[in-house]
Amino acid sequence: MDPTELAYGLFRVLETGAPALAADVVHEDFCNREAAVAPPACALPGPAGVLASGAWMRSAFSDLRFPVLGLARNDDQVWVRLRMRGRHTGPFVRYRDGALDQAIPPTGHDIDFEQIHVLGLRDGKVVSHEAVRDDITMLGQLGVFPPAPPTALRMIAWRMTGRAARAATRVTDEAAEAAALLRDKPAESR
């Protein structure tokens, strides 16, 4: 695949969770700098980490899409300007040092905000990822920033009743299960 196809393929993996496509576009040494706020499985190297990241995002946002607005490339990198779109239908759980940091209960709100991603390329695959995202806009669309009183009260109630911790455990498990789709298979069976 050429660099443009690799970029489109990576975001298609996040949208769909397709293991075969992940194996085709993601290098075994893949490193995601943005995994710091995601479940631990998202920091795994290679396609497994990408599959975990997609599962994490899709657990919170149904109809997840990444329409590309612009793309620039050279032989070693692709810069992708896109929008992240979806509907917040599951808890959006953010992590710090692998543990629950914040769980935003489902709001039913649509998200639609801009991001810029830098993808490193090696051996005909994506080997690294970093991003600049407009997370403040997304949190505003969810009613978290500035805090809308109903959303803030639900977040507090979720934390106090243990629902936030249960959501974090479920999302962590789902991400790990997605990562295992390829991580434990020998390369020749993919």
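Here are some numbered notes on the predicted model shown above.

1. **Ground rules.** This is a predicted model, where local features need pLDDT of at least 70, side-chain atom pairs count only at pLDDT 80 or more, and totals for chains, interfaces and linings use all residues. Numbering runs from 1 along each chain as its sequence is written, and side-chain values use heavy atoms, with hydrogens and water left out.

2. **Aromatic pairs.** Rings of Phe, Tyr and Trp (its six-membered ring) are called a pair if their centres lie within 6.5 Å; planes under 30 degrees apart are stacked, over 60 edge-to-face, and the rest tilted. By that rule there are 3 aromatic pairs. Take F11 and F66: the ring centres sit 5.5 Å apart with the planes at 50°, so this pair is tilted. F11 belongs to helix α1 (residues 3–16) and F66 to the loop between β2 (61–65) and β3 (68–73), which makes it a link between distant parts of the chain, 55 residues apart. For the element names, helices (H or I, at least four residues) and strands (E, at least two) are DSSP runs, numbered from the N terminus. Both F11 and F66 are buried, where buried means under 20% relative accessible area, exposed means over 50%, and partly exposed is in between (1.4 Å probe, protein chains only).

3. F61 and F92 make another tilted pair, at 5.2 Å centre to centre and 55° between the planes. F61 is in strand β2 and F92 in strand β5 (residues 92–96), so the pair ties together parts 31 residues apart in sequence. Both F61 and F92 are buried.

4. **Helix α3.** This helix covers residues 47–60, 14 residues in all, and spans 21 Å from its first C-alpha to its last, close to the 20 Å expected at 1.5 Å a residue. The expected span is 1.5 Å times one less than the number of residues. How much of α3 is buried? The count is 13 of its 14 residues, so α3 is largely enclosed by the rest of the structure.

5. **The largest pocket.** Its volume is about 370 Å³. A pocket here is found on a 1 Å grid over the protein atoms alone: it is an open set of points where a 1.4 Å probe fits, with protein on both sides within 12 Å along at least five of seven lines, and lining residues have an atom within 4 Å of a point. The volume is the space filled by probe spheres set on the points, with grid points joined across faces, edges and corners. Of the 27 lining residues, E34, W56, M57, H129 and R133 are the closest to the centre of the largest pocket.

6. **What builds the lining.** Elements giving two or more residues to the lining of the largest pocket are α1, β1 (26–32), α3, β5, β7 (110–122), β8 (125–133) and α4 (135–141). Helix α3 provides the largest share, 5 residues. By class the lining has 17 nonpolar, 6 polar and 4 charged residues; Ala, Val, Leu, Ile, Met, Phe, Trp, Tyr, Cys and Pro count as nonpolar, Asp, Glu, Lys and Arg as charged, and the others, Gly among them, as polar.

7. The peptide bond from F145 to P146 is cis, with omega near -10°, and P146 is in the loop between α4 and α5 (149–161). D63, in strand β2, has phi near 55°, a positive value in a residue other than glycine. D97 also has a positive phi, about 55°, although it is not a glycine; D97 is in the loop between β5 and β6 (99–104). D63 is exposed at 59% relative accessible area, and D97 is exposed at 77%.

8. **Cysteines.** How many disulfides are there? With a disulfide taken as a pair of cysteine sulfur atoms within 2.5 Å, the count is 0. The closest cysteine sulfur to that of C31 is in C42, 13 Å away, which is too far for a bond. C42 is buried, with 1% relative accessibility.
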